[in-house]
Amino acid sequence: MLTLFYQPGSASDVARIALEEAGATYQALRVDFSKDEQRQPQYLAINPKGRVPALVTDEGVITENVAILGWIAQSFPEAGLAPDDAFGFARMQAFNAYLATTVHVAYAHWRRAYRWADDPACIEHLRAVAPERYADCFAVIEAEMLEGPWVLGDDFSLCDVYLFVMADWLETVNIDPRRFPRVHDHCELVRARPAVRKVLAQQAV
Ligand SMILES: N[C@@H](CCC(=O)N[C@@H](CS)C(=O)NCC(=O)O)C(=O)O
C-alpha cells in the first residue's frame, strides 16, 4: 500500500492528483503545517527535509515531485501519464524540473521569504518582488513551453497536473491568471478532470 504524506493546498497536491490520475490505491496522511508537524521527529524520520510530498512505497520513501511523478508514470504505464519514449520522457522531466526548481522556488520567495534572508527589510523586499518574478515564469510558459492543448502537445501527461497546481497559485500572490490566457485555459481544462475534482473536494473538508 502506498502512503502519501500531504498538506492540502501545497506542492503535495501535485503528487496526490497524479496518484488519482494513475488509479493508484494509496492512503493519504496529512502533515498539519498549522501544528508544524513537518518539523517534528516523527515526520523527519520519513523526510528529513521536512517537506511534503513524501511517498512511501514498498521499496522505500520517494521525495521531490519530479521523482514522484516519474515513479508514478513508470509504475502505472497503463494510465498513459507520460510519453513512453526516452526523448519524450526527458521532455516531461525537463518541464517538471523547471516547475520544481524555478517556478515553485519563485513562489516560495513570497510564501517563505525568511528562508533566504534574516533582515526584516530584506524579507519584505523579497516578498514584494516575488509575485512578479513568479509571473515572469508564466510568461515564458505561455509563450514558449505550453504546446497546447496539453503541455506536451496532443497527449495529457503529468506536466499538466504540475502546471495546474502552480498556475492555481497565481491568484494567491495577487497575479491575475488571465494575464496568461493559454495557461489560464489549460488550468481550467485540468481543473475539470475527475481526478482533480476528487482531490480538491476531498481536501476542502
Ligand atoms: N522540491 C520539493 C519542494 C517541496 C516543498 O517545498 N514543499 C513545501 C510545501 S509547498 C513544504 O513542505 N514546506 C514546508 C516548510 O517549508 O516548512 C518538491 O518539489 O517536492
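The model is predicted, and local features need pLDDT of at least 70, side-chain atom pairs count only at pLDDT 80 or more, and totals for chains, interfaces and linings use all residues. Residues are numbered from 1 along each chain as its sequence is written, and side-chain values use heavy atoms, with hydrogens and water left out.

## Strands

Helices (H or I, at least four residues) and strands (E, at least two) are DSSP runs, numbered from the N terminus. Buried here means under 20% relative accessible area, exposed means over 50%, and partly exposed lies in between (1.4 Å probe, protein chains only). In a regular strand the side chains alternate between the two faces of the sheet. Leu-2, Leu-4 and Tyr-6 are buried on one side of strand 1, while Thr-3 and Phe-5 are buried on the other.

From strand 1 the chain passes through helix 1 (residues 12-22) to reach strand 2, and this β-α-β crossover is right-handed. That word means that, with the strands pointing away from the viewer, the path from the first strand over the helix to the second runs clockwise.

Two strands pair if DSSP finds at least two bridges between them. Strand 1 is parallel to strand 2 (residues 26-30), with five bridges between them, and antiparallel to strand 3 (residues 54-57), with three bridges. Thr-3 can be followed in both directions: its bridge partner in strand 2 is Gln-27, and its bridge partner in strand 3 is Val-56. Leu-4 has Leu-55 as its bridge partner in strand 3, and Tyr-6 stands opposite Arg-30 in strand 2.

Strand 3 also pairs with strand 4 (residues 60-63), in the antiparallel sense and over four bridges. The two are joined by a hairpin through two residues, and Thr-57 stands opposite Gly-60 in strand 4.

## Backbone details

| Residue or bond | Feature | Value |
|---|---|---|
| Val-52 to Pro-53 | cis peptide bond | omega near 5° |
| Gly-148 to Pro-149 | cis peptide bond | omega near -5° |
| Asp-36 | positive phi, not glycine | phi near 60° |

Asp-36 belongs to the loop between strand 2 and helix 2, and Asp-36 counts as partly exposed because its relative accessibility is 29%. Asn-174 lies in the loop between helix 6 and helix 7 (181-191). With a relative accessibility of 71%, Asn-174 counts as exposed.

Leu-99, in helix 4, is buried, because its relative accessible area is 0%. The C-alpha atoms of Leu-99 and Asn-65 are separated by 9.6 Å, and the two residues are 34 apart along the chain.

## The largest pocket

Rolling a probe the size of a water molecule over the atoms shows where empty space is left. On a 1 Å grid over the protein atoms alone, a pocket is an open set of points where a 1.4 Å probe fits, with protein on both sides within 12 Å along at least five of seven lines, and lining residues have an atom within 4 Å of a point. Grid points are joined across faces, edges and corners, and a volume is the space filled by probe spheres set on the points.

How much space lies in the largest pocket? The largest pocket holds about 720 Å³. It is lined by 30 residues, of which Ala-11, Arg-51, Val-52, His-104 and Arg-115 are the closest to its centre.

Helix 3 (65-75) and helix 4 (86-111) each supply at least two lining residues, and the largest share, six residues, comes from helix 4. Domain 1 (2-79 + 197-204) and domain 2 (86-193) each give at least three residues to the lining; these bounds come from an automatic or database domain assignment.

By class, the lining has 14 nonpolar, nine polar and seven charged residues. Ala, Val, Leu, Ile, Met, Phe, Trp, Tyr, Cys and Pro count as nonpolar, Asp, Glu, Lys and Arg as charged, and the others, Gly among them, as polar.
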